[in-house]
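This report goes through the ligand surroundings first, then a helix and a single residue. The sequence and the model are shown below.

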Amino acid sequence: MQKYNNVFILDHPLIRHKLAIIRDKNTDTKQFREIIKELATLMAYESFKDVPTQEIEVETPLEITKQTVVKENSIAIVPILRAGLGMVDGILALFPAAKVGHIGLYRDEETLEPHEYYCKLPSNIEDKVVMVVDPMLATGGSAVDAISMLKKRGCKRIKLMSIIAAPVGVEKVAKAHPDVEIFVSTLDRCLNDKGYILPGLGDAGDRIFGTK
Ligand code: PRP
Ligand code: URA
């Protein structure tokens, strides 16, 4: 894959360890869901390192000092339904004040084209750093559409976090939205003829919600 300035692969031994567990077809729903959440926390730590901050005064037992904290009302998390929901709590663990919007998209199983069925976003989302989350970035169609929907509603600072990505999907998003930073924990080999990522982990939504 060509090198893109807006693509970041968050490779860390702990992330690799957790990836190995969720790839395993014998991992049950409970553990799968827990690890998706933990991976989202680990990825959020790194991908929000430029989070907006503000200075406040803090009184220690000894004196008053100026300290830096995360800026109020500066972050929104937008999961792509359904599977993106599994990542929200992991990010809220680090940014409990973040607002959460929802975009509903599903892939047509034949054409692999995304279809929109829901969109509800926090007020003033255009002023926030928006993190779109979806564990799987396959053809990239869902992520490209979700980001376009956010841009239409005025969002200017958008990031995307996906746990497992196929090179073709990353390239599609990077080309369509070069202003969006894309954070993934691994670039897998390719897609199969049904649009599933190989080696991947199967259908993330089904594995999070136990629907198959
Ligand atoms: C999966 C996944 C992404 C999308 C990725 O969702 O969670 O949203 O496919 O594929 P793409 O990059 O080719 O668009 P799916 O459509 O299976 O819906 P679900 O989350 O409701 O299971
Ligand atoms: N969506 C999934 O849940 N898994 C894939 O491998 C591709 C798309």
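In this predicted model, an oxygen atom of ligand 1 lies 2.8 Å from a polar backbone atom of Gly140. With Arg82 the side chain takes part: one of its N or O atoms is 3.0 Å from an oxygen atom of the ligand. Taken alone, ligand 1 exposes 500 Å², and the protein buries 90% of that area. Strand S6 (102-107), strand S9 (136-137) and helix H4 (141-152) are the elements that give two or more residues to the shell around ligand 1. There are 15 residues around this ligand, of which Arg107, Asp134, Thr139, Gly140 and Ser142 come nearest. The space that ligand 1 takes is the largest pocket.

Ligand 2 is surrounded by Arg107, Met136, Ala138, Gly195, Tyr196, Ile197, Gly202, Asp203 and Ala204.

| Residue | Backbone atom | Atom of ligand 2 | Distance |
|---|---|---|---|
| Ile197 | polar atom | oxygen | 2.8 Å |
| Gly202 | polar atom | nitrogen | 2.8 Å |
| Ala204 | N or O | oxygen | 2.8 Å |

On its own, ligand 2 exposes 230 Å², and 89% of that is buried by the protein. The space taken by ligand 2 is, again, the largest pocket.

Which residues of helix H3 are buried? In this helix, residues 85-92, they are Gly86, Met87, Val88, Gly90 and Ile91.

Ile15 has its place in helix H1, residues 13-23. Is Ile15 buried or exposed? Its relative accessible area is 5%, and the limit for buried is under 20%, so Ile15 counts as buried. Apart from neighbours within four places in sequence, Ile15 is in contact with Leu10, Leu39, Leu42, Met43 and Ser185. Ala204, which has a backbone N or O atom 2.8 Å from an oxygen atom of ligand 2, is 189 residues from Ile15 along the chain, and the C-alpha atoms of Ile15 and Ala204 are separated by 17 Å.

How values were computed
Residues are numbered from 1 along each chain as its sequence is written. Chains are lettered from A and ligands numbered from 1 in the order in which they are written. This is a predicted model: local features need pLDDT of at least 70, side-chain atom pairs count only at pLDDT 80 or more; totals for chains, interfaces and linings use all residues. Side-chain values use heavy atoms; hydrogens and water are left out. Buried means under 20% relative accessible area, exposed over 50%, partly exposed in between (1.4 Å probe, protein chains only). Helices (H or I, at least four residues) and strands (E, at least two) are DSSP runs, numbered from the N terminus. A residue is near a molecule or strand if one of its heavy atoms lies within 4 Å of it. A polar contact is a pair of N or O atoms within 3.5 Å; within protein, one must be able to donate a hydrogen and the other to accept it, and residues adjacent in sequence count only if both atoms are side-chain atoms. Accessible areas come from the Shrake-Rupley method with a 1.4 Å probe; for residues, only the protein chains shown count as cover. On a 1 Å grid over the protein atoms alone, a cavity is a set of points where a 1.4 Å probe fits but cannot get out, and a pocket is an open set with protein on both sides within 12 Å along at least five of seven lines; lining residues have an atom within 4 Å of a point. A molecule sits in a cavity or pocket if more than half of its atoms lie within 2 Å of its grid points. Contact means heavy atoms within 4.5 Å.
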